[in-house]
Amino acid sequence: MQKKGVVIFDFGSQYTQLIARRVRELNVYSEVLSPDTNLDQIKRRDPSAIILSGGPSSVFADEAPNFDKRIFDIKIPILGICYGLQLLAHHYGGLVESNSQGEYGFAEIEIDNNKKLFKNVSKRSQVWMSHMDRVTKIPDGWHTLAHSSNGVIAAMSNEDQSIVATQFHPEVAHTDEGKILIKNFLFKIANSSPTWTAGNFIEEQIKLIRSQVKEDKVIVGVSGGVDSTVVAALLHKAIGNQSTAILIDHGLLRLNEAKKCVKALKDGLGVNIHCYDESKIFLSKLEKVMDPEKKRKIIGNQFIYSFDRIAKEFGDIKYLAQGTLYPDIIESGVSEGKSAHVIKSHHNVGGLPDDMNFQLIEPLKDLFKDEVRNIGRELGLSNSLINRHPFPGPGLAVRIIGEITQERINILQKADKVYIDILHEDDLYDDIWQALAVLIPVSTVGVMGDQRTYENLLGIRAVTSTDGMTADWFRMPPETLTKISTNIVNTVKGINRVVYDITSKPPGTIEWE
């Protein structure tokens, strides 16, 4: 870790990495650590500040996360968020009480003290609350900085505001002036230095990769997506021909995707890449499997087994590099605080087998998608590669609801191509974070050429987002929807009805499975 960065204690919040992201957006390095990290390890990092995240626990609960309380004995600025505020209040002698109703969603706060933390923040401001317990009495010598419209203490600090805390979440987009608060904490309270950039990240990862790998060889698992492409380019820059990119075609890629991926990586980047058709193996393992979690775990396991077998052709391979991002980890229930809930297992996280023979290299595992794109630009990748929509590792397996068959794969591949091609034609592709088509195991009655049809239902989805943790459905122009529906029904045999998904995340996830 860079000296004078920010340490974030992860108490299990789904938003923890958003805090790290907001800090990095201000060019200050941040690192997420388990709360039980001891004081000596913190001192070695020499951070400019510590941030205590939110979390699902109560400060009174037996299972509340442990942490080294000696961090409060060193003179270092601290920001507590949600659970972090309650933890500070409890530690310094304030009163925290349970609230059976809790406070969730938007709230309006009124600022009581506009110095330092709330400098340049509106007198009244909209914030995002998500808590059960609340502070009913602040510690002696502390001050209330803001309160919500229903009287809840929304922010507090010690005498000189070297320790500050908010009951709301300044890191989420729903808090209107949250970025100002984080900026104020970093630069008006913690005196942090804005020295972290994409270039610094690349330099640091190259050093780490070279230190870890030394003279050994690495296989890079690629899919043609942004994440794995950036990893392949990063490994190539770090260790050159010691890395070999492998594309496993599991038969669940988009139409002609494997050929396009190989061409883009080999011709565009000079990456040493090999493609292997493993589709028969994957489809045999997925036969009659309906449950999405089982699909993901089967695919994750078979990826590793295929890599293990193929790697032997290249000698003694110790390392597998892959494009895991932080949303993959947090949705799979793997966090620094070990407290996050499983939403769905990503094949490269929750689906990995216990008997894996590789050591993993995951240089992007603390980043979000847009940060990865910035890294890609710094590495010199083309916009056509950088701006591609996210595509899941399990591919169309999680876009075919129910049983996976070759016939259903063929139908979805054709429908997906029509959909994506039209988005490009109508200049909408770059306005959308992710667009996808879903084959639904429902047949509906239709009429074509005066004849009755009884064919598949297709769902299409498009969302806007900045980081994949939250998303809103894209307001598709009606004329584009008409074109998509008409072209799919008229050209893709097996589909006679198209519906558009208008669910945001949350409550839905971006992918259906």
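Reader: Why is G446 called buried?

Author: G446 has a relative accessibility of 17%, and buried means under 20% relative accessible area, exposed over 50% and partly exposed in between (1.4 Å probe, protein chains only). The value of 17% is under that limit, so G446 counts as buried. The model is a predicted one, in which local features need pLDDT of at least 70, side-chain atom pairs count only at pLDDT 80 or more, and totals for chains, interfaces and linings use all residues. Residues are numbered from 1 along each chain as its sequence is written, and side-chain values use heavy atoms, with hydrogens and water left out.

Reader: Where is G446 found, and which residues does G446 touch, not counting those up to four places away in sequence?

Author: G446 is found in strand β17, residues 434-448; strands (E, at least two residues) and helices (H or I, at least four) are DSSP runs, numbered from the N terminus. With residues up to four places away in sequence not counted, G446 touches Q451, R452, T453 and N496, where contact means heavy atoms within 4.5 Å.

Reader: What makes C82 buried?

Author: The relative accessibility of C82 is 4%, so C82 counts as buried. C82 is found in the loop between β4 (78-81) and α3 (83-91). Although C82 is not a glycine, its phi is positive, at about 60°. Most residues other than glycine have a negative phi.

Reader: Is N191 buried or exposed, and how do you know?

Author: N191 has a relative accessible area of 60%, and therefore it is exposed. N191 lies in the loop between α4 (178-189) and α5 (198-213). N191 has a positive phi of about 55° and is not a glycine.

Reader: Why is K183 called partly exposed?

Author: K183 stands at 46% relative accessibility, so K183 counts as partly exposed. The place of K183 is in helix α4.

Reader: Which residues gather with K183 in a patch of positive charge on the surface?

Author: K115, K119 and K188 gather with K183 in this patch. Patches are made of residues with over 30% relative accessible area and no salt bridge, like charges being joined within 9 Å and nonpolar side chains (Val, Leu, Ile, Met, Phe, Trp, Tyr) within 5 Å. A salt bridge is a side-chain nitrogen of Lys or Arg within 4 Å of a carboxyl oxygen of Asp or Glu.

Reader: What is the omega of the cis peptide bond from K505 to P506?

Author: Omega is near -15° for that cis bond. P506 lies in the segment after β20 (495-500). A cis peptide bond also joins P506 and P507, with omega about 15°.

Terms used:
Accessible areas come from the Shrake-Rupley method with a 1.4 Å probe; for residues, only the protein chains shown count as cover. Lys and Arg count as positive and Asp and Glu as negative; His and the chain ends are not counted. The place of a charge is taken as NZ of Lys, CZ of Arg, CG of Asp or CD of Glu.
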